[in-house]
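User: I am new to reading models like this one. Please show it to me and take me through it in questions and answers.

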Amino acid sequence: MKFAPAKEQMDFIRKGTVEIIPEEELFRKFEKSIKKNVSLNIKLGCDPSRPDLHIGHAVVLNKLRQFQDLGHNAILIVGDYTGMIGDPSGKKKTRPQLSFEETRQNGETYFQQAGKILDMERAQVVYNSEWLSKIDLKELINLMSKFTVQRILERDDFTNRIKEQTEISLHELLYPLMQGYDSFAINADVELGGTDQKFNNLVGRDVQKRYGKEQQVVITMPLLEGTDGYEKMSKSLDNAIGITEDPKDIFGKTMSIPDTLIYKYFELCTSLSNDELRKIKGDLEGGAVNPRDLKRRLGTELVKQYYDEAAAMRTIEEFDKIFIKKELPDEIPEVNISEDSMKLVDLLTSTNLSESKTNARKLIEQGAVNVDGKKITDVNSIMNIRHGMVFKVGKRKFLRVTKQAE
RNA sequence: GGGUAGGUAGCGAAGCGGUCAAACGCAUCAGACUGUAAAUCUGACGACAAUUGUCUUCGGAGGUUCGAAUCCUUCCCUACCCA
């Protein structure tokens, strides 16, 4: 294995990070790896409680990929054992505990998706139950004795929960120790994580130290705000762009982010070069370019990354068609209806354009329903069903009716 | 073990015998405006029926009452204080 000079590797890795703790140590590790011709072990813990990856997760995965490109070992740790606890980081409530089977299953899903970013051929995947399940009470007590209650409680999320009088279960206190133990178990040289993982990852350093091992370097990556532009991206807040979503959803959601996030998304979620990034920054600040066009570029890049160039082109065309030219999309879901006439309300409900009749009425009253381009506002309308009729509800729900040809 | 305060719609939080399908905020969904922006404004936001109706909801189960989210009994859950 031939490694790039330590300085070069440093510069490459530093891009986009929030902190490298401590930076000199990483540099020394690079030097050592070159001298001894060994790859560094780069650890990334995967949370198996949420198997759907979104582009916020991709921020860290991209960084891991960069390490791979430099010739280092990516080690993905699926926290199947820790998953049974649930990471308390940033949480206001105790997380639901998962069964062992669930964590396994979710782990699998995780890899499939991570494969869109990482070189899975060269990535090592381990489950932390491998070593954590072997810890007996004696060992656990030994581990716990190396830390203090104060140290574990000092983190913000626990402090806040105490202040707000919400519960903290005892097992949650163990989470950082177990995660730290992982670092010790696999001899991690570097651990990657979002800034919310800083505490946990630093505990890893401590565990290693107390067990007489070389300490890992902790690299934190920024947390990506979701499409609402405010909260951290997360599926449960419904502001996430999933990497397995349809190209049109990835694109559409990207278009709905506030302008302030455009650059951040470019920087953290795409693999554009520094030069290109600089140009985009200039364009944004200069105001000469319509931000919409930059967002279109962003959406295209994202689709390209998780699908391919062709998909990206298709998506952007479709988008322009529907939203800019306000035409019908190329592909409209079709439903076969045998009746000759139907109440509009029933039709909307039975075709899932609306989840209930009450809701359908509401939509009609509010002018959200279009049939063949004509707005229908009469709640009691009865539709004569013809082949090829197109229903539109809201901005993005389309449906074409077909009559069985016989 | 003792004491106190609580458990209300997706979340937060009012209500404390009828006017409660339940204020308000957030989220969500429509509409207007736009760059499908964001922000803002307007409306909707349990279901079914339909122009003032019916049914299901306020931790669970029972009960009192013409009538309960509101009172009683009991069970479950949580936080805080004392030990």
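Analyst: Helices (H or I, at least four residues) and strands (E, at least two) are DSSP runs, numbered from the N terminus. This is a predicted model, in which local features need pLDDT of at least 70, side-chain atom pairs count only at pLDDT 80 or more, and totals for chains, interfaces and linings use all residues. Residues are numbered from 1 along each chain as its sequence is written, while chains are lettered from A and ligands numbered from 1 in the order in which they are written.

User: In which loop is proline 22 found?

Analyst: Isoleucine 21 and proline 22 are joined by a cis peptide bond, with omega about -20°. Most peptide bonds are trans. The loop that holds proline 22 runs between β1 (19-21) and α2 (23-36).

User: Is asparagine 37 buried or exposed?

Analyst: Asparagine 37 sits in the loop between α2 and β2 (41-46). Its phi is near 60°, a positive value in a residue other than glycine. A residue is buried if 20 or more other C-beta atoms lie within 10 Å of its own, exposed if 12 or fewer, and partly exposed in between, with C-beta atoms placed from the backbone. Asparagine 37 has 10 C-beta neighbours inside 10 Å, so it counts as exposed.

User: And asparagine 352, buried or exposed?

Analyst: Asparagine 352 lies in the loop between α16 (344-350) and α17. Its phi is positive, near 70°. Because asparagine 352 has 11 C-beta neighbours inside 10 Å, it counts as exposed.

User: Which residues touch the most other members of the largest nonpolar core?

Analyst: A nonpolar core is a set of buried Ala, Val, Leu, Ile, Met, Phe, Trp, Tyr and Cys residues joined through C-beta atoms within 7 Å. The largest has 64 residues, and the two that touch the most other members are Ile42 and Leu64.

User: Which residues are in the second core?

Analyst: This core is separate and has 12 residues. Its members include Val345, Leu353, Ala360 and Leu363.

User: Which elements do the buried residues of α10 pack against?

Analyst: Helix α10 (residues 198-210) has 13 residues. Among its buried residues are Phe199, Val203 and Val207. Two residues are in contact if their C-beta atoms, placed from the backbone, lie within 7 Å. The buried residues of α10 pack against α9 (170-186), β5 (190-194) and β6 (217-221).

User: Which element gives the largest share of the surface near RNA strand B?

Analyst: A residue is near a strand if its C-beta atom, placed from the backbone, lies within 6 Å of it. RNA strand B is surrounded by 32 residues, with Gln165, Glu167, Met255, Gln366 and Gly394 the closest. Two or more residues each come from α11 (247-255), α14 (291-306), α15 (309-324) and α17 (357-365). The largest share, six residues, comes from α17.

Conventions:
Expected span 1.5 Å × (residues − 1).
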